[in-house]
Amino acid sequence: MERKHNRLIRCLMRVLRFVLPHKLKDVDHVHLAEDDPIVYLCNHGEFYGPITGMLYCPGFVRPWSISELCCNLEEATAYIKRYTLKKVHWKDKYKQRVARVLARGMLWLLHSVQAVPVFRHKPRELMTTFRKSVEAMQQGANLLIFPEDPDTDPNSPGYKSGRPPTLFRGFPMLAQVYYNRTGKRCRFMPVLCYKQGQTVSFGTEIVYDPDNDPIAERDRIVDETYRQMQSLYDREEAITSV
């Protein structure tokens, strides 16, 4: 049985697809199967990647989200005040109120799309992310992950522009946990959401190899993901520059 988001979310997504139309490229590379979910690996580009990825990645998709935004009102308020509103020069009490309103909306939205919390700054709880991810995959959900590390080079425009910066190297652990629990090989699919051309491009599957050395396999998946995302970006840049 195909899983779907609730009616309100589906309606909201239809409206956003109408307002934010995008051309899909190489979507035929995506082979959906309820008992063999895909893990989409998408560029972030601040809010652009998460919104566009959720709208246009095929199938029922559950996104990863940093835990500060989807688990607790106080944490979400502090996070939005610190990052989203950092350039807004209001009095602190007004910024706090706006941040709290936005946090309530974000908590509702991420709960509605069944986001999986990523405990990036809480290493002891990180295995919870992988456990919840595997449970979601076992229930037939595809995942949407944003593996970019925006803190590697604070002077790099990649995170905002869409050009892939350095990737975190921990996300392939999901494939090992998934294989250990199910005996199935995780399929990763690099995705590039390109704002300037309003395109969503799909790479080719990277399939986890449990027979490979764990460290070597981690590096292979990360490096191939980066190579494909960079290649998709270069292709789109070449098209828009003509």
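**Entry 1: the second largest pocket**

I looked up which element gives the most to the lining of the second largest pocket, and it is helix 1 (residues 7–19), with four residues. I note that the model is a predicted one. The second largest pocket holds about 230 Å³ of space. I found 13 residues lining it, and H5, R10, M13, R17 and G59 are the closest to its centre. I sorted the lining of this pocket by class and got five nonpolar, two polar and six charged residues.

**Entry 2: helix 1 and helix 2**

I then checked how helix 1 lies against helix 2 (residues 48–56): their axes come within 10 Å and cross at roughly 110 degrees. Helix 1 is therefore roughly perpendicular to helix 2, because angles of 65 to 115 degrees count as such. On the helix 1 side I listed M13, L16 and R17, which meet M54, L55 and Y56 of helix 2. The residues of this contact are five nonpolar and one charged, with no polar ones.

**Entry 3: helix 4 and helix 5**

At what angle do helix 4 and helix 5 pack? I read about 120 degrees for helix 4 (residues 73–84) and helix 5 (residues 92–112), with the axes 8 Å apart. The two helices are therefore oblique to each other. I recorded the crossing of helix 4 past helix 5 as right-handed. Helix 4 makes the contact with L73, E74, A76, T77, I80 and K81. From helix 5 I noted several partners, including D92, K95, Q96, A99 and R100. By class, the residues of the contact between helix 4 and helix 5 are eight nonpolar, two polar and six charged.

Terms used. Residues numbered from 1 in each chain as written. Predicted model: local features only at pLDDT ≥ 70, side-chain atom pairs only at ≥ 80, totals over all residues. Heavy atoms only, no water. Axes fitted to C-alpha atoms, helices over the stretch in contact; angles between N-to-C directions. Parallel < 35°, antiparallel > 145°, perpendicular 65-115°, else oblique. Left-handed = near helix turned anticlockwise from the far one by under 90°. Contact = heavy atoms within 4.5 Å. Nonpolar A, V, L, I, M, F, W, Y, C, P; charged D, E, K, R; others polar. 1 Å grid on protein atoms, 1.4 Å probe; cavity = no way out; pocket = protein on both sides within 12 Å on 5 of 7 lines; lining within 4 Å. Points joined across faces, edges and corners; volume = space filled by probe spheres on them.
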